[in-house]
Amino acid sequence: MLKKIAYTFYPVTDMDRALEFYQNVLGFNLLFRQDEWAEFEIGGQRLALHRENKTQNDPASSRAIVSFEARPIEKVIDFLKTKGVHFIGPLEVYPYGKLATFMDPDDNLLGLYEPPGASTRRGDSPPCGQRND
């Protein structure tokens, strides 16, 4: 089940400029920075920045995305597909976790995130909308 927001992220075109703003102007605590990704902790929530090359032909590149923690992500994807959800692109696997992106009925981007090693843990909650009987 989807029980928590893993993070919200904003696309940025200049990571150094964005870090300067979020750290020194807004006073947020930087958790880490890796290449084109940075995360801040704000009152127990995570705000992430992702450096992207925005294009005028890609309206999705200027949107914030809320990503929900999903364990195991493959089962959540399969379940959501049975409910008519269409995913944008394939499941992406990185050293920092697995990602999947989809849209709500109003074309807002949403994401699923599984932390590294999460699919091997026992006792995970069932996919959203399902019960563990």
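Is L26 buried, partly exposed or exposed? Before I answer, please keep in mind that this is a predicted model, in which local features need pLDDT of at least 70 and side-chain atom pairs count only at pLDDT 80 or more, while totals for chains, interfaces and linings use all residues. Residues are numbered from 1 along each chain as its sequence is written, and side-chain values use heavy atoms, with hydrogens and water left out.

L26, then, is partly exposed, because its relative accessible area is 40%, and buried would mean under 20%, exposed over 50%, with partly exposed in between (1.4 Å probe, protein chains only). L26 sits in the loop between α1 (15-25) and β2 (29-34), where helices (H or I, at least four residues) and strands (E, at least two) are DSSP runs, numbered from the N terminus. Together with F21 and V25, L26 forms a nonpolar patch on the surface, with about 260 Å² of accessible area.

Turning to the strands, β1 (residues 5-12) is joined to β5 (residues 65-69) by four bridges, and these two run antiparallel, with I5 standing opposite F68 in β5. Strand β1 is also joined by five bridges to β4 (residues 45-51), this time in parallel, and here Y10 stands opposite L49 in β4; two strands pair if DSSP finds at least two bridges between them.

Finally, let me come to V76, which lies in helix α2 (residues 73-82) and counts as buried because its relative accessibility is 1%. V76 and L2 are 74 residues apart in sequence, and their C-alpha atoms are 8.6 Å apart in space.

Note on methods:
Patches are made of residues with over 30% relative accessible area and no salt bridge: like charges are joined within 9 Å, nonpolar side chains (Val, Leu, Ile, Met, Phe, Trp, Tyr) within 5 Å. Accessible areas come from the Shrake-Rupley method with a 1.4 Å probe; for residues, only the protein chains shown count as cover. A salt bridge is a side-chain nitrogen of Lys or Arg within 4 Å of a carboxyl oxygen of Asp or Glu.
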